[in-house]
Amino acid sequence: MKPHPNLAGLALLATLAAPAALAQAEARLDTRASTVHLAYGGGFATAGKNLTVGSLDPIDLTGPASPGETGADSFTGGYLGWAVSWQVDWDIAQTWAVDPTQRVLSGSGHTRLGQSSAVIGPGCAPCTASMGLYSHNWQDLEFVLDAPAVFAFHSEVSLNQGVQINRWDEARQRWFPFVSSVAGGVANRSGTLDAGRWQVVNSRTVHVLGSTPAALDEHWAFSLTLPGVQWVSAVPEPASALLLLPGLALLAWRRRLSRA
């Protein structure tokens, strides 16, 4: 008896998809939220400017993979007998990636701010204008493990930054710290993550740069390797989709033959 054409096609699909089932555990990137925001301004008396760049509202998985804000602004004006000028510049960015081949979830970000100002007039030769820059660069990646998995965690952060792995406690409905980076240094951690919901999040520190100092440069980066885990998503990876195409074509061809 010849096999039913549809069954033959389905069998081929199962054979092609079989390697994906060999993974010890599966991990799904479930939620991503991030914020890139800058508020700045200053001046002397009524001579000055205030503006906002970006938003404090987090973007989700439909947003850009590498959000950021880069730019500069300046102001020149006067108040009575004083001439006022200032300038600011900023470069705030973050990125993240999942590498299903190397089994790595990674992310990084930096915040660079600069400012200068001058007030020239009575009693100022020169003075410094009142300045303020406030930035927020934050990222939250949440994923779900369906079984325990061995992990290796690498982090590199500047002094005022940090990266942390948190575990969700269903009974208490809150996140609890599991692994943290070392402030101003490099850290390598390893162990086992239990099945459940996990979060990798950088410090929510709000950067503040006033009239002094004139510059700020902070950064954070991490990589979380899960060697025995298969990263999965609702949309097949390009390589997986290519493997399925021959089976789908054969299935369609056999259906046409059975109708002939």
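**Exercise 1.** Is Y79 buried, partly exposed or exposed?

*Solution.* The structure is a predicted model. Step one: the relative accessibility of Y79 is 28%. Step two: buried means under 20% and exposed means over 50%, with partly exposed in between. Y79 therefore counts as partly exposed.

**Exercise 2.** Classify the ring pair formed by F44 and Y79, and state which strands it connects.

*Solution.* Step one: a pair of aromatic rings is described by the distance of the centres and the angle of the planes. Step two: the structure holds eleven aromatic pairs, and among them is that of F44 and Y79, with 6.3 Å centre to centre and 70 degrees between the planes. Step three: an angle over 60 degrees counts as edge-to-face, and this pair is edge-to-face. Step four: F44 belongs to strand 1 (residues 25–44) and Y79 to strand 3 (residues 68–79), so the pair ties together parts 35 residues apart in sequence. F44 is partly exposed, at a relative accessible area of 23%.

**Exercise 3.** Carry out the analysis for F178 and W198.

*Solution.* Step one: the ring centres are 5.0 Å apart and the planes stand at 75 degrees, so this pair is edge-to-face. Step two: F178 lies in strand 10 (residues 174–180) and W198 in strand 12 (residues 196–202); the pair links distant parts of the chain, 20 residues apart. Step three: F178 counts as partly exposed at 38% relative accessibility, whereas W198 counts as buried at 1%.

**Exercise 4.** Describe the largest cavity by its volume, its lining and the strands that contribute to it.

*Solution.* Step one: the structure holds one cavity of 30 Å³ or more, and about 30 Å³ of space lies in the largest cavity. Step two: its lining consists of G109, H110, T111, N137, Q161, H207, E218, H219 and W220. Step three: by class, the lining has one nonpolar, seven polar and one charged residues. Step four: strand 5 (104–121) and strand 14 (215–225) each supply at least two residues of this lining.

**Exercise 5.** Determine how strand 5 is paired with strand 6.

*Solution.* Step one: two bridges join strand 5 to strand 6 (residues 124–127), and the strands run antiparallel. Step two: G121 has C124, in strand 6, as its bridge partner. Step three: the strands form a hairpin with two residues between them, and G123 in the turn has a positive phi of about 80 degrees.

**Exercise 6.** Characterise the surroundings of D57.

*Solution.* Step one: D57 lies in strand 2 (residues 47–59) and is exposed, with a relative accessible area of 58%. Step two: leaving aside neighbours within four places in sequence, D57 is in contact with S34 and T35. Step three: D57 and T35 are 22 residues apart in sequence and 6.5 Å apart in space, C-alpha to C-alpha.

Note on methods. Residues numbered from 1 in each chain as written. Predicted model: local features only at pLDDT ≥ 70, side-chain atom pairs only at ≥ 80, totals over all residues. Heavy atoms only, no water. 1 Å grid on protein atoms, 1.4 Å probe; cavity = no way out; pocket = protein on both sides within 12 Å on 5 of 7 lines; lining within 4 Å. Points joined across faces, edges and corners; volume = space filled by probe spheres on them. Helix = DSSP H or I, 4+ residues; strand = E, 2+ residues; numbered from the N terminus. Nonpolar A, V, L, I, M, F, W, Y, C, P; charged D, E, K, R; others polar. Buried < 20%, exposed > 50% of the residue type's maximum accessible area, 1.4 Å probe, protein only. Contact = heavy atoms within 4.5 Å. Pairing = 2+ DSSP bridges. Phe/Tyr/Trp six-rings, centres within 6.5 Å; stacked < 30°, edge-to-face > 60°.
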